[in-house]
Amino acid sequence: MNAYVFPGQGAQFTGMGLDLYENAALAKELFHTANELLGFDITKIMFEGTKDELKQTNVTQPAIFLHSVILSKVLGDTFQPDMVAGHSLGEFSALVANGTLQFEDALQLVAKRAQAMQKACELQPSTMAAVLGLEDAAVAEACATIDGVVVPANYNCPGQLVISGEVTAIEKACELMKEKGARRALVLPVGGAFHSPLMEPAREELAAAIEATTFHTPSCPIYQNVPTTAVTAPEEIKKNLIAQLTAPVKWTQSVQQMLADGATSFTEVGPGKVLCGLVKKIDKTATTISATIEGVAQS
């Protein structure tokens with residue numbers, strides 16, 4: 001069974017999507033539609049923007065979404081998923097890929113999500129940190145002993161967990177992780193505490209927009225970050241998408257469930273190959289494939 005996976009924030013790079021724009025009429029049309037819907041020239045920033053311009057949340061999220069979704073559409077008949085999943089933001093790309101959301105509706109939700117998250121970040125100094133070389137349970141237990149808000153946020157693969165919370169609490173947690181034997185505990189250059197209780201204002205704002213959007217019955221299941229199991233009911237997909245903003249991204253568990261349910265290959269659709277790398281760390285025997293405008297290439 002073919003699993004298609006879609007990356008989240010952090011996969012952006014200058015020039016992303018330019019090959020699609022220059023080589024596929026459908027891609028050019030969708031990029032122009034996106035510029036009109038967003039009210040600014042996102043294609044110019046994607047193709048020519050600086051690293052700093054691209055890492056602004058209100059740019060990064062729609063840019064990665066556009067690259068992923070447009071690539072999936074350009075693949076045409078070769079794009080045949082039996083199941084899909086997305087890492088955080090990538091869930092929106094996955095939901096277009098399996099027909100749950102229309103392109104325009106999903107783009108508007110992604111833009112709303114990015115703006116809401118940016119506002120939540122500005123309400124309180126907060127950040128995230130990567131912890132390498134500790135068991136997931138040890139990281140969670142350590143977080144629970146710290147004063148202030150600090151929680152596991154991204155279960156990326158065994159031995160790689162991202163924590164999220166208030167700046168001072170994250171700094172204390174990093175010191176504690178090192179004492180407990182972490183190979184590294186490194187504060188990340190992000191603007192806020194994604195997938196933590198500090199995103200509650202954004203969750204409330206996004207919930208209203210999601211509830212007002214039509215979700216269709218998908219062509220294949222999505223393995224969402226919150227339950228980590230196959231979901232096909234539109235109302236359940238909505239609920240999980242809303243919960244995702246303040247809940248951890250359980251990528252390790254999602255991939256393990258997809259494998260248990262019969263996934264034989266994982267094709268990453270979007271900028272970079274981050275998810276291919278994580279899948280290999282979760283199960284070194286898994287077949288991983290990176291999609292390009294020319295088709296797919298085994299990685």
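Helices, at least four residues long, and strands, at least two, are DSSP runs, numbered from the N terminus. In this predicted model, one such run is helix α7, which spans residues 103-123 and holds glutamate 122.

When neighbours within four places in sequence are left aside, glycine 148 is in contact with Glu166 and Ala169. Lysine 284 stands 136 residues from glycine 148 along the chain, and the C-alpha atoms of these two residues are separated by 37 Å.

**Cysteines**

The structure holds zero disulfides.

| Cysteine | Nearest cysteine sulfur | Distance | Relative accessible area |
|---|---|---|---|
| Cysteine 143 | Cysteine 174 | 9.2 Å | 3% |
| Cysteine 276 | Cysteine 157 | 13 Å | 6% |

A disulfide is a pair of cysteine sulfur atoms within 2.5 Å. The nearest cysteine sulfur to cysteine 143 is 9.2 Å away, and cysteine 143 is in no disulfide. For cysteine 276, likewise in no disulfide, the corresponding value is 13 Å. Because buried means under 20% relative accessible area, cysteine 143 counts as buried at 3%, and cysteine 276 is buried at 6%.

**Packing of α2 and α5**

Helix α2 (residues 25-38) packs with helix α5 (residues 57-74) at an angle of about 150°, and their axes are 10 Å apart. Angles over 145 degrees count as roughly antiparallel, and α2 and α5 are therefore roughly antiparallel to each other. The crossing in which α2 passes α5 is right-handed.

Which residues of α2 and α5 meet? From α2 come Leu26, Ala27, Leu30, Phe31, Ala34 and Leu38, while α5 contributes Pro62, Leu66, Ile70, Lys73 and Val74. By class, this contact of α2 with α5 comprises ten nonpolar residues, no polar residues and one charged residue.

Notes: Residues are numbered from 1 along each chain as its sequence is written. This is a predicted model: local features need pLDDT of at least 70, side-chain atom pairs count only at pLDDT 80 or more; totals for chains, interfaces and linings use all residues. Side-chain values use heavy atoms; hydrogens and water are left out. Axes are lines fitted to C-alpha atoms, for helices over the stretch in contact, and angles run from 0 to 180 degrees between N-to-C directions. Angles under 35 degrees count as roughly parallel, over 145 as roughly antiparallel, 65 to 115 as roughly perpendicular and the rest as oblique. A crossing is left-handed if the near helix is turned anticlockwise from the far one by less than a right angle, and right-handed if clockwise. Contact means heavy atoms within 4.5 Å. Ala, Val, Leu, Ile, Met, Phe, Trp, Tyr, Cys and Pro count as nonpolar, Asp, Glu, Lys and Arg as charged, and the others, Gly among them, as polar. Buried means under 20% relative accessible area, exposed over 50%, partly exposed in between (1.4 Å probe, protein chains only).
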